[in-house]
Each structure stands twice: as C-alpha cells, then as structure tokens.
Amino acid sequence: MTINCAIIDDEPLAAGLLESYARKTPFLHLLGTYNSAITAMKELREHPADLIFLDIQMPELSGIEFAKILPSQTKIIFTTAFQQYAIEGYKVSALDYLLKPISYDDFVKSANKALEWFTIAHRQQTYAQDRFMFVKSDYKLQRVALDDILYIEGLKDYVRIYLQDGQKIMSLMNMKKLEDYLPRPEFLRTHRSYIVHMTKAATIDRFRIVFGEQYIPISDSYKEEVQNYFDEHTLS
C-alpha cells in the first residue's frame with residue numbers, strides 16, 4: 001500500500017528534514033511540502049493527501065485549526081516543538097504526535113501507525129463491499145458470507161463463528177484482528193469474548209443481546225458504543 005502524504009511546516013529546516021524522511025520511506029508518496037496551511041489549502045483541495053505531517057504552531061492558521069477543517073478521511077500526524085499541545089492534538093483525532101527534533105526512527109514509527117490504520121480501513125471497506133471473508137478452519141480456507149454471521153465468540157486463541165443456519169465455524173484467530181477488519185458499526189465488540197453482527201440483533205433484554213437461548217453480554221468497556229448504536233436505531 002502507498003500513502004499519499006504532505007508536509008506543512010513553517011520552519012524550512014524542519015520541513016526539509018521531514019521531506020527527506022518521507023522520500024526514503026518506501027510506502028510514502030510525497031505530494032508536496034508547504035510553509036503554511038494557507039498555502040497548502042488550494043493544492044490539497046485539488047490533490048488530496050491521505051496523511052499530513054502537520055506543524056501545530058504556525059502563523060495565520062494553526063495546525064490545530066487547520067486539522068478541524070480537513071476531510072475526516074485525511075489523517076494527521078502532528079509535529080511540534082511544544083509538548084503541551086499533545087492533548088489538543090488528540091482531540092482532533094490525530095494518529096500520532098511527534099516532538100521536535102524528530103529522528104528518522106520516530107518518524108518511521110509514526111508512519112507505520114498510519115500504514116496500519118490505512119491497511120485496516122482498506123480491509124474493512126473491502127469486506128463491506130465484497131460481503132465475505134475467508135477463514136482457516138480444519139486445515140482449509142472456508143468462505144464465510146458476512147450476512148450469514150450472527151455473532152462471534154472468542155475462545156482463548158480460537159474464535160467460533162455462529163451462522164444463521166446453525167453452523168459453527170472454529171478458526172485459529174485473534175478477536176482483536178477480527179474486530180479491526182470487520183466493518184463498523186455493522187459489527188461491534190460487546191464484550192472481550194463477543195463480536196455481534198448488529199443488524200441481526202432482534203431482541204435486547206436487560207442490555208443483553210438475545211439470539212435464541214444465547215444471551216450475549218455487553219460489558220462496561222464497550223457499553224457506550226453499543227448504546228450509541230441502539231440509540232441511533234430506536235424510535236422514541
């Protein structure tokens with residue numbers, strides 16, 4: 001995967017260093033380097049970047065303010081000499097925060113976070129469009145249609161996938177990996193041991209999701225996101 005990126009920094013030396021880092025990172029394609037957010041606006045509107053390495057403290061328009069007007073699909077890695085901006089950076093959903101002077105090692109670690117995020121997002125989009133996935137089961141690959149899944153149960157190093165027709169598929173797989181790759185909010189983690197296909201949830205009893213005789217718990221760790229889903233689909 002190649003990530004189209006841009007650099008916005010009003011300090012020429014800092015911008016030049018980041019540019020050299022981006023050019024030698026194989027999965028990054030540098031669209032441009034800009035000395036202000038104002039200068040970058042027109043270019044990025046015509047040639048959108050997937051990822052922006054964005055300085056926070058700049059004249060005219062700060063990196064924080066610029067991040068607020070960017071499309072949601074554009075991800076940000078903030079770069080700054082001032083540690084106190086870290087909390088503000090995370091408020092606008094930055095992928096990472098790099099403190100100057102920035103080493104290539106730190107740059108690559110942040111770039112790899114972005115690569116992981118875009119890889120997961122691409123896989124979620126693929127699954128959502130194709131409506132199936134393959135899982136390893138009994139030494140073979142088995143095709144599983146997303147629309148057939150009711151819920152998934154985690155069992156230590158394995159998962160058990162429960163299908164509408166009563167079939168159960170066991171696979172050596174990590175629940176976190178499944179949670180990352182399955183399209184959200186169609187599939188939501190409700191408990192450390194369960195992922196539920198929310199469009200198949202027909203009955204909720206005392207904040208448990210009911211599938212026949214099986215009651216799927218909703219733990220406090222996942223309660224807010226699940227509750228938001230129910231609220232969005234409830235007539236009041």
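## The β9–β10 pairing

Strand β9 (residues 158-163) runs antiparallel to β10 and is joined to it by 5 bridges. Within this pairing, Val159 stands opposite Ser171 in β10. Strands here are DSSP runs (E, at least two residues) and helices are DSSP runs (H or I, at least four residues), both numbered from the N terminus. Two strands pair if DSSP finds at least two bridges between them.

The model is predicted: local features need pLDDT of at least 70 and side-chain atom pairs count only at pLDDT 80 or more, while totals for chains, interfaces and linings use all residues. Residues are numbered from 1 along each chain as its sequence is written, and side-chain values use heavy atoms, with hydrogens and water left out.

## The sheet around it

Let's step back to the sheet. It is open and has 5 strands in the order β10-β9-β8-β12-β11, with antiparallel pairing. At its edges are β10 (168-172) and β11 (187-191), each of which pairs on one side only.

## Aromatic pairs

How many aromatic pairs does a search of the whole structure find? There are 11. Rings of Phe, Tyr and Trp (its six-membered ring) pair if their centres lie within 6.5 Å; planes under 30 degrees apart count as stacked, over 60 as edge-to-face and the rest as tilted. Tyr21 and Tyr104 make a tilted pair, because their ring centres are 5.2 Å apart and their planes stand at 55 degrees. Tyr21 lies in helix α1 (residues 12-23) and Tyr104 in helix α5 (residues 104-130), so this pair ties together parts that are 83 residues apart in sequence. Tyr21 is buried, at 9% relative accessibility, whereas Tyr104 is partly exposed at 26%; buried means under 20% relative accessible area, exposed over 50%, and partly exposed in between (1.4 Å probe, protein chains only). Tyr21 and Tyr104 also belong to one aromatic cluster with Phe53 and Phe107.

Phe207 and Phe230 form an edge-to-face pair, with 6.0 Å from centre to centre and 85 degrees between the planes. Phe207 lies in the loop between β13 (203-205) and β14 (208-211) and Phe230 in helix α7 (residues 223-232), so the pair links parts 23 residues apart in sequence. Phe207 is partly exposed, with a relative accessible area of 21%, and Phe230 is buried, at 11%.

## Charges over rings

Arg123 lies over the face of Tyr181, at 4.6 Å from the ring centre. The charged end of Arg143 sits over the ring of Phe132, 4.0 Å from its centre. A charge sits over a ring if NZ of Lys or CZ of Arg is within 6 Å of the ring centre and within 35 degrees of the ring normal.
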